[in-house]
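This report describes a protein model for a reader who is new to structural analysis. Please keep the sequence and the structure in view while reading.

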Amino acid sequence: MGFEGKDGEDAPAVPVPVPVLETGVLRYNSPLVQVTLIGLVCFCCPGMFNALSGMGGGGQVDPTAANNANTALYTTFAVFGVLGGGIYNILGPRLTLFNGCITYVLYAGSFLYYNHYKHQALAIVSGAVLGVGAGLLWAGQGAIMTSYPVPHRRGTYISLFWSVFNMGGVIGGLIPFVLNYNRLEAKSVNDGTYIAFMCFMFTGAVLSLAILHPSKVVREDGSRATNIKYSRVLVEVVEILKLFKNWKMQLLIPSAWASNFFYTYQFNNVNGVMFNLRTRGLNNVFYWGAQMIGSVVIGYLLDFSFKSRRTRGIAGISVVAVLGTAIWGGGLANQLNYSYHDPPSEKLDFKKSGTDYAGPFVLYFSYGLLDAMFQSLCYWVIGALADDSETLSRYSGFYKGVQSAGAAMAWQMDSHNTPFLSQLIVNWVLTTVSYPLMMLLIVLAVRDKDTADEESPTSTSASPPALPSKGDEPIGK
């Protein structure tokens, strides 16, 4: 193709050079490297936060301060989780992630302060600030994890992220285990535990500056992750408001609400109540290690089990539903042995309790396995609803916002001494209700072609499309 001359005649054709894009998987601008980087960021920040929370009561004998701090955290997280996707589209990944990560350092520092002065105020304020930061971090993480990879390998990349991220919980569990190993009668972790967490969290904040804008990420097939430019505040406000009318997001609400609701029960009322301090740290090593296994298993199933993407999604939900029913059933059997008013007479120790330790340990390990499979499944469904970073950042932010609202309620339920058995039943019901709704979402909205959904990303249609009439044929436009 040439350029038209002044006299209307065509000038001689001048070849336009086409840039050749490298397609190796280990490039700095490859999805593999970028998803690994965001995994390392989350390894250092929320990974260490999870290890701290997993100790039960933030590593303190009295969980009141941690419960109140987490209530403040998840209340602000619920708001900024929803807003986070829009903020990410305006600021881009680096500023969004860095500002989110740095708040984790403040939170861990507040418990170092509490270790000495027993004043809750700083922990509660730090929790509220962390809720803002976590909303930014997780909205950005969700956009990166779901939009940077090629569509037909999103399950694999989600499992990669989840494995790297939860290695933070494994290492974070080892820290209190090693530093408090000989403190058999200790009720709270020592200062060195909190300082170690703070060092990791600050490292994660620095690492977040290495994340590239999606327009600079080149996939294995040579395509770019997205070519979006920075958005505007008014655009994001409008698009975020539309999410509340989006039928796809409405179907995701129960699974989002359930996906962090169970942490309070598992951390405080299983690990915190049943085991002594050093054993709680060891349990967390295996809890987060189980998440790595669970994410790999569900990632393989969602990417490689069947040719049809819709069939893979339905198979994934079915497997998680059966496994979840079995694990919560085991949790019920365990919970009938103690209660809030009748706690275990003696804390279990991994060395001294013998076979009494085995059953509760396997249950806690299984809770971690189920958590990873359930949340990886949710992210896979979100990633199957769209292909561009802008839309997926909003979807991920909405998911995290609803998730955090549920978590805030769960922490307050525990603060008001809700019976342990009641908490277990609520968790079991919430996860069970979410399975058929996610399955319906897959049938109605997930296309078998590994391309973006061709509907408007933030469609506000009051009704979902009609069910397909033939097997797995893609739903029409």
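## Terms and basis

Two residues are in contact when they have heavy atoms within 4.5 Å of each other. Helices (DSSP runs of H or I, at least four residues) and strands (DSSP runs of E, at least two) are numbered from the N terminus.

The model is predicted: local features need pLDDT of at least 70, side-chain atom pairs count only at pLDDT 80 or more, and totals for chains, interfaces and linings use all residues. Residues are numbered from 1 along each chain as its sequence is written, and side-chain values use heavy atoms, with hydrogens and water left out.

## Overall composition

The protein has 15 helices and zero strands. Of its 477 residues, 57% count as buried, where buried means under 20% relative accessible area, exposed means over 50%, and partly exposed lies in between (1.4 Å probe, protein chains only). Among contacts between residues at least 6 apart in sequence, 85% join residues at least 24 apart.

## Helices α4 and α7

Two packed helices are described by the angle between their axes and the distance between the axes. Axes are lines fitted to C-alpha atoms, for helices over the stretch in contact, and angles run from 0 to 180 degrees between N-to-C directions. Helix α4 (residues 93-117) and helix α7 (residues 191-207) have axes that come within 8 Å and cross at roughly 170 degrees. The two helices are therefore roughly antiparallel to each other; angles under 35 degrees count as roughly parallel, over 145 as roughly antiparallel, 65 to 115 as roughly perpendicular and the rest as oblique.

Residues of α4 that meet α7 include F98, Y104, F111 and H116, and on the side of α7 the residues include D191, Y194, M198 and F202. By class, this contact of α4 with α7 has 15 nonpolar, four polar and one charged residues. Here Ala, Val, Leu, Ile, Met, Phe, Trp, Tyr, Cys and Pro count as nonpolar, Asp, Glu, Lys and Arg as charged, and the others, Gly among them, as polar.

Helix α1 (residues 31-44) packs against α2 at an angle of about 35 degrees, with the axes 3 Å apart. V41, C42, F43 and C44 of α1 make the contact with P46, G47 and M48 of α2. Its residues divide into six nonpolar, one polar and no charged.

## The largest cavity

A cavity is a set of points on a 1 Å grid over the protein atoms alone where a 1.4 Å probe fits but cannot get out, and lining residues have an atom within 4 Å of a point. A volume is the space filled by probe spheres set on the points, with grid points joined across faces, edges and corners. The whole structure holds five cavities of 30 Å³ or more, and the largest cavity contains about 170 Å³ of space.

Which residues lie nearest the centre of the largest cavity? They are N50, Y74, W138, N260 and K400, from a lining of 17 residues. Elements that give two or more residues to this lining include α2 (46-54) and α3 (64-91). The lining has 13 nonpolar, three polar and one charged residues.

## Two individual residues

S434 lies in helix α15 (residues 420-445) and counts as buried, at 1% relative accessibility. Leaving aside neighbours within four places in sequence, S434 is in contact with P254, S255 and F374.

N417 is found in the loop between α14 (389-415) and α15. N417 has a positive phi of about 60 degrees although it is not a glycine, and is partly exposed, with a relative accessible area of 40%.

Methods
On a 1 Å grid over the protein atoms alone, a cavity is a set of points where a 1.4 Å probe fits but cannot get out, and a pocket is an open set with protein on both sides within 12 Å along at least five of seven lines; lining residues have an atom within 4 Å of a point.
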